[in-house]
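Q: Got a model open here. Can you walk me through the packing?

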Amino acid sequence: MKLKLATLAIVAAALAAPALAQTPLTPEERAARFDAADKNKDGKLDKAEWTTTLPEQAQAMADQIWGRVDADGDGSVTKEQYLALRMGPRPPQ
């Protein structure tokens, strides 16, 4: 359990750092990023395609993050699923 929490903390920090350093992408920019990554134009991203959308700092942790991204375990992420992913730091509560 502690390892899982530590891993999530590392992933959150890696995803948050670029978000804090730059303005978050708009939905249109995220859609364009999805389209550019969908090399075979099948309307979904496999793990390799999705990894190209990550900030450089997070690409090394793609394996750990993928399980959360591909929540249904079908091996791909649709554009709808991709756009629904919350990127960057959590909003203050």
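A: We'll go through a helix, the core and a few single residues.
A: This is a predicted model, where local features need pLDDT of at least 70, side-chain atom pairs count only at pLDDT 80 or more, and totals for chains, interfaces and linings use all residues. Residues are numbered from 1 along each chain as its sequence is written, and side-chain values use heavy atoms, leaving out hydrogens and water.

Q: Which residues of helix α2 are buried?
A: In α2 (residues 27-37) they are Arg30, Ala31, Phe34 and Ala37. Buried means under 20% relative accessible area, exposed over 50%, partly exposed in between (1.4 Å probe, protein chains only). Helices (H or I, at least four residues) and strands (E, at least two) are DSSP runs, numbered from the N terminus.

Q: Why are they on the same side of α2?
A: They cover an arc of only 130° around the axis, so they sit on the same side. The arc is taken from the directions from the helix axis to the C-beta atoms.

Q: What covers them?
A: The cover includes β1 (44-45), α3 (47-51), β2 (77-78) and α6 (79-84).

Q: Now the largest nonpolar core. How many residues?
A: It has 13 residues, and Leu45, Trp50, Val69 and Tyr82 have the most contacts inside it. Such a core is a set of buried Ala, Val, Leu, Ile, Met, Phe, Trp, Tyr and Cys residues joined through side-chain atoms within 4.5 Å.

Q: Which element gives the largest share?
A: α5, with four residues. The elements giving two or more are α2 and α5 (62-69).

Q: What is Tyr82 in contact with?
A: Leaving aside neighbours within four places in sequence, Tyr82 is in contact with Arg30, Arg33, Phe34, Leu45, Trp50, Thr53 and Val77. Contact means heavy atoms within 4.5 Å.

Q: What does its side chain reach?
A: The side chain of Glu49 reaches the backbone nitrogen of Asn40 at 3.5 Å. The backbone nitrogen of Lys39 lies 3.1 Å from a polar atom of that side chain.

Q: Where is Lys41?
A: Lys41 is in the loop between α2 and β1. Lys41 has a positive phi of about 55° although it is not a glycine. At 58% relative accessibility, Lys41 counts as exposed.

Notes. Polar contact = N/O pair within 3.5 Å; in protein donor to acceptor, adjacent residues only side chain to side chain.
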